[in-house]
Every structure is written in structure tokens, then in C-alpha cells.
Amino acid sequence: MKRVLTVLAAGVPLAAAVYLPTASAEPQTTSAAAQSACVNPSVKAPAGTKVESVTAVRQPGGTIHGTGILQGVAENVPAFCQVTVTLTHPGDGDHAKMQTWLPETGWNGRFQALGGSAYLAGDNGVGMGNAVKAGYAATTTDAGVGDALDVSWVLNSNGQVSNALLKNFASRSQHEAAVVGKEVVDGIYGKRAAYSYFTGCSTGGRQGYMEAQRYPDDFDGILADAPAINWDEFEVATLWPQVVMNNEKIYPTGCELDAFTNAAVKACDKLDGVTDGLVNDASRCDFDPRTLIGTKVLCNGKELTVTAADAAVVRKIWDGPRTASGEKLWSGIPLGADLKGLAATNPADADGNVTGAPFQVPEYWVKLWLKKDPSFDVSKITYSQFTQLFKQSEAEYDKAIGTDDPDLSGFRNSGGKLITWHGQADQYIPTQGTVQYRRQVEQEMGGSKQVDDFYRVFLAPSTNHCGLNGLDGSADGLAALTNWVEHGKAPKTLPATLINAKGEQVNRDLCAYPEVSRYKGEGDASLASSFHCVAPSRH
């Protein structure tokens with residue numbers, strides 16, 4: 001199972017917006033190289049770069065402790081050669097460090113690049129260690145920026161956004177890591193990898209899509225989960241819950257938010273034909289929060305009563321951001337997702353006043369990239385100002401980091417395969433953004449069947465952000481991807497272990513979009529065999 005570490009920052013769980021991957025496809029040792037010397041390989045600078053340094057150090061393996069706020073541990077990692085290459089783009093003053101870890105013995109012949117989390121461009125060592133343990137030669141890059149919540153690099157000395165570092169973070173450093181990493185593999189092992197893969201979730205998922213869109217020849221297969229695509233839009237959109245609470249001056253407690261979520265799950269559970277503690281298709285859940293008005297909620301020993309104002313706030317949050325005239329800007333938090341991720345509050349002060357606690361990732365995006373002012377107070381954003389910020393973000397940053405180009409013809413023509421799973425209870429990245437992108441690709445490239453030939457999406461019921469990496473269930477998407485790339489076996493379903501409302505593990509075969517899971521009418525609801533995939537119109 002993939003391990004996820006929940007990070008507490010300023011009282012707000014960063015959760016799986018930052019996650020630590022571990023699982024990999026079963027290693028195929030038939031192509032393993034003999035023990036190779038760990039010496040500095042010759043590295044040719046990718047176009048537009050200069051190599052500043054190359055170092056190779058043998059590492060004994062064992063227990064790898066993750067760096068930065070994500071921390072985490074990878075255990076029983078075999079000995080590996082750690083090659084570090086630092087690149088710069090002449091004139092930009094950047095220093096992007098790329099690491100490639102190569103198993104000393106037992107290489108499976110494959111190359112795997114790993115993406116990042118939040119504002120961290122690459123892996124913190126845990127995913128790399130687990131990739132090595134699975135037999136992969138693994139590569140990641142820091143893009144010359146910082147840790148997951150380190151945004152000290154964003155504004156330059158003139159108070160303007162560092163476009164060079166944004167470009168590194170958004171696109172070019174991941175591509176350069178792929179180029180350099182493959183060259184290092186060839187230099188150490190004396191032969192190129194038979195297959196190249198990319199894996200990532202959240203920010204890493206976005207990086208995977210950027211690779212498919214702009215550098216379609218880098219990878220044979222891409223596993224890009226809960227992807228932070230449409231970055232310029234959803235980053236502002238995920239500040240919406242705070243904007244609603246601040247403008248309405250209503251701050252529901254965590255207990256009350258949970259009561260709304262639990263009621264929605266209970267009301268929409270049976271949409272798949274059986275009450276099993278899972279909401280199979282959150283987009284079809286039309287639970288009205290106003291039905292809870294007057295309900296008593298026990299919270300830390302106190303009895304609270306849900307008010308009409310509470311229900312109105314939750315309704316706006318679920319609906320998602322709109323302009324003053326009612327134009328929908330983006331999807332809201334999916335029904336069934338934990339509202340406390342984006343609608344968190346700080347404890348009441350001595351006078352009983354409650355304030356919002358914004359999730360740092362969108363808060364920093366607005367403060368630094370849009371307002372270019374670290375002291376900007378996001379709690380003062382009005383509804384009209386929110387619309388202005390949303391439009392500004394689209395205008396200024398879509399080309400740089402939007403990652404929403406639906407033309408994947410280059411990737412298709414290169415023979416690449418792309419798999420995405422996304423939790424339908426994602427509390428940080430609205431699932432409908434991924435669905436919308438998939439539909440746009442279908443419109444661009446000739447329809448669902450044509451797109452299915454190289455790109456498949458699997459939606460996971462009642463699963464939170466990056467949850468199938470271990471926090472909220474599990475699935476081995478990389479095994480499905482390697483089977484598709486290397487054996488031509490396209491995944492009709494993706495086997496997964498999910499966690500239902502009672503906290504129980506249940507097995508499901510996630511359906512390839514647009515199909516949805518439906519109970520057959522008999523059988524144990526905890527078993528995947530009791531469900532089948534049907535077209536949405538029949539659901």
C-alpha cells in the first residue's frame with residue numbers, strides 16, 4: 001500500500017495534497033543488469049541548459065527518511081547509486097537539482113520519474129526509495145524551487161513573479177529530468193531503459209498531464225492521479241469556501257460540517273442500487289443541506305443547532321464559485337468530501353470570534369502570484385473581487401501552468417498510455433475538473449472510443465485526495481499501466497480497496513469513465529463481484 005502522511009500546517013491538514021507514493025508494478029528481474037560501478041556518468045546538457053555539476057555516490061539503502069514537511073519512511077531499500085545532476089538555464093540564475101537512484105543489483109529494466117506535491121516539484125525520497133525497492137531506476141527534480149509549502153522563490157527582488165522558476169515548476173524541469181535521468185541510466189548500466197514511466201498525484205498528476213501535452217515522447221506510460229490540472233482556475237476556486245464564510249460571516253463548526261457530509265452520504269448511498277456506505281457518483285447526488293435545518297449536533301460536549309445560515313453556506317460551497325450574476329466559474333467541493341479541508345476555521349478567540357483558516361496552497365497562489373503581496377489578507381476578498389481574481393489567474397497563468405490542452409495527439413501518436421484515478425470525495429481538487437478535461441479531449445480527438453485507446457480515467461467512490469495511495473484505500477495503477485504499455489492489455493476496470501462510511505474495507509473494480517458501478521441485485525456488497533459497470537444512462 002502507498003503511504004500517505006497528513007501534515008498539520010497552521011492547524012490545517014495538508015493531507016494528501018502532499019502525499020508519499022510507494023507502490024510499483026512487480027519488478028521483472030529477467031532484464032536486471034549485473035552490478036554496475038557507481039561513477040560519474042557523462043551527461044549532455046538538455047537544450048537551453050548548462051550542466052553545473054554531476055556527482056555519483058553509492059548509498060547502502062536500508063531506511064530512507066523523507067525530507068521536508070512531508071517526512072515519511074521507505075524501509076528495506078536495497079543499495080543504490082545516487083547520481084545528482086544540477087542544471088541551470090543561462091541568464092535565469094536558477095539551479096535545478098535532479099536525482100537518479102539506480103539499484104545496484106536487480107534493475108527491472110524500467111525507468112520511473114516521480115512528481116511532486118503542492119509547491120514541491122519532486123519526490124522527497126520516500127517514493128524514490130520504494131521505486132528502487134521495486135526494481136526501478138528512479139528520477140525526480142526539485143526544479144530549483146522549495147518544499148511543499150515553501151514559496152520564498154515566487155517573488156524576485158523587484159516584487160515580481162520569477163517567471164524562470166515558475167516555468168521550471170510548471171513544465172520544463174520535469175522534461176529535463178526525464179532527458180537527464182534516461183541518460184544517467186544509460187551511462188551507469190550501459191544500456192537504455194526498455195520502458196519509461198511517470199507517476200504522480202496532485203501536483204505530480206498535473207506534471208504527468210503536462211508531459212503528455214508538451215513532451216509526448218518522454219514516457220511510454222503516465223500514471224497521473226487526482227491531477228492538479230486547470231491549475232490557474234481551481235487554485236482560486238478552492239479558496240471559495242473561505243470567501244463564502246467570510247462574506248456571510250457564518251463559520252460552521254467542524255462537527256456541523258461533518259453532519260452535512262454524513263447526511264449527504266446517507267442520502268446518496270443507494271444511488272448504485274445498494275446501501276453500502278459509498279457514494280458511487282457524487283455528481284448525481286442532489287442532497288439539499290436545508291433538510292438539516294433545526295437538527296441538533298453534539299460537538300465537544302455542547303449541543304449545537306444547525307441554522308438556515310449554516311445550510312446556506314454549505315449549499316454555496318457545494319455549488320461552487322459563481323459570479324454576482326450567477327455564472328458558474330468552477331465546480332464546488334464534491335458532496336461526500338470532507339468540508340473541513342477547505343472550509344476550516346481557527347479556534348474562537350477570547351471574545352468568541354471565529355475566523356477562517358484557508359488552505360495554504362490556494363492562499364499562497366492568490367497572495368503571491370495574483371496580488372504579488374505576501375501581506376495580502378485573503379479574508380477581505382469580496383464576491384466581486386473573487387471573480388476578478390479568478391479571471392486574472394486565467395489570463396495571466398493559463399499558458400504557463402494551466403495544463404488543460406485537450407490535444408493529446410502527439411502522445412497518442414507516440415504510442416503513450418495515460419491512466420488517471422481520482423477520488424470522488426476529493427476535498428482539495430474537485431473531481432469534476434478531471435471529468436471536464438476528459439470530455440474536452442473526447443471532443444478534440446474524435447470521441448470516447450478513440451480516446452480510450454490511449455487514455456482512461458477511473459473515478460473512485462467516497463475516496464479523498466490521493467486516497468488510493470494508502471490514506472483512503474489502495475489501488476495499483478502502475479501495475480495496470482505497465483500491463484497496458486508492455487502487453488497491450490488495456491484496463492477495463494481498476495481493482496481497488498475502498499473505505500466505506502463505517503470505516504470498513506470493501507473491494508471494488510473501478511469502472512473506466514464514463515461507465516459507473518451498479519449493484520447486480522444480489523451478493524455481498526463488500527465484494528467487487530457483486531457489481532458491474534454500466535453506462536451512466538442506465539445507472
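This is a predicted model: local features need pLDDT of at least 70, side-chain atom pairs count only at pLDDT 80 or more; totals for chains, interfaces and linings use all residues.

Colleague: OK, how many helices and strands does the protein chain have?

Modeller: There are 13 helices and 20 strands in the protein chain. Its radius of gyration is 23 Å, close to the 24 Å that the globule rule gives for 539 residues, so the chain is as compact as a globular protein of that length.

Colleague: And what does the C-alpha trace span along its principal axes?

Modeller: About 70 × 65 × 45 Å. As for burial, 58% of the 539 residues are buried.

Colleague: Let's zoom in on E11. Is that strand mostly covered or mostly open?

Modeller: E11, residues 221–225, is mostly covered, with 5 of its 5 residues buried.

Colleague: Which residues of E11 point which way?

Modeller: Gly221, Leu223 and Asp225 point one way, while Ile222 and Ala224 point the other way. All of them are buried, Asp225 included.

Colleague: Which strands does E11 pair with?

Modeller: One is E10, residues 195–201, which pairs with E11 in the parallel sense over 5 bridges. In that pairing Cys201 stands opposite Asp225. E11 also pairs in the parallel sense with E14, residues 417–423, over 3 bridges.

Colleague: What's the bridge partner of Gly221 in E14?

Modeller: That's Lys417.

Colleague: Back to E10 and E11. Which helix makes a β-α-β unit with them?

Modeller: H3, residues 203–214. E10, H3 and E11 make a right-handed β-α-β unit.

Colleague: Switching topic: how many cavities of 30 Å³ or more does a search of the whole structure find?

Modeller: The search finds 6. The largest cavity holds about 100 Å³ of space. It is lined by 15 residues, and the closest to its centre are Ser202, Phe234, Glu235, Phe359 and Val361.

Colleague: Which helices supply at least two residues of that lining?

Modeller: H4, residues 231–237, and H8, residues 360–370, each supply at least two. The largest share, 3 residues, comes from H4.

Colleague: And how does the lining divide into nonpolar, polar and charged?

Modeller: For the largest cavity the lining has 10 nonpolar residues, 4 polar and 1 charged.

Colleague: What about the second largest cavity, what's its volume?

Modeller: About 60 Å³. Its lining includes Trp240, Pro241, Ile317, Pro321, Leu342 and Pro430. Thr238 and Ser331 are also among the lining residues there.

Colleague: How many of that lining are charged?

Modeller: None: the lining of the second largest cavity divides into 8 nonpolar, 3 polar and no charged residues.

Colleague: How many bridges join E17 to E18?

Modeller: There are 7 between E17, residues 493–499, and E18, and the two strands run antiparallel. If you want a pair to find on screen, Pro495 has Asp509 in E18 as its bridge partner.

Key: Residues are numbered from 1 along each chain as its sequence is written. Side-chain values use heavy atoms; hydrogens and water are left out. Buried means under 20% relative accessible area, exposed over 50%, partly exposed in between (1.4 Å probe, protein chains only). Helices (H or I, at least four residues) and strands (E, at least two) are DSSP runs, numbered from the N terminus. Two strands pair if DSSP finds at least two bridges between them. A crossover is right-handed if, with the strands pointing away from the viewer, the path from the first strand over the helix to the second runs clockwise. On a 1 Å grid over the protein atoms alone, a cavity is a set of points where a 1.4 Å probe fits but cannot get out, and a pocket is an open set with protein on both sides within 12 Å along at least five of seven lines; lining residues have an atom within 4 Å of a point. Grid points are joined across faces, edges and corners, and a volume is the space filled by probe spheres set on the points. Ala, Val, Leu, Ile, Met, Phe, Trp, Tyr, Cys and Pro count as nonpolar, Asp, Glu, Lys and Arg as charged, and the others, Gly among them, as polar. The radius of gyration is taken over C-alpha atoms; the globule rule is 2.2 Å times the number of residues to the power 0.38.
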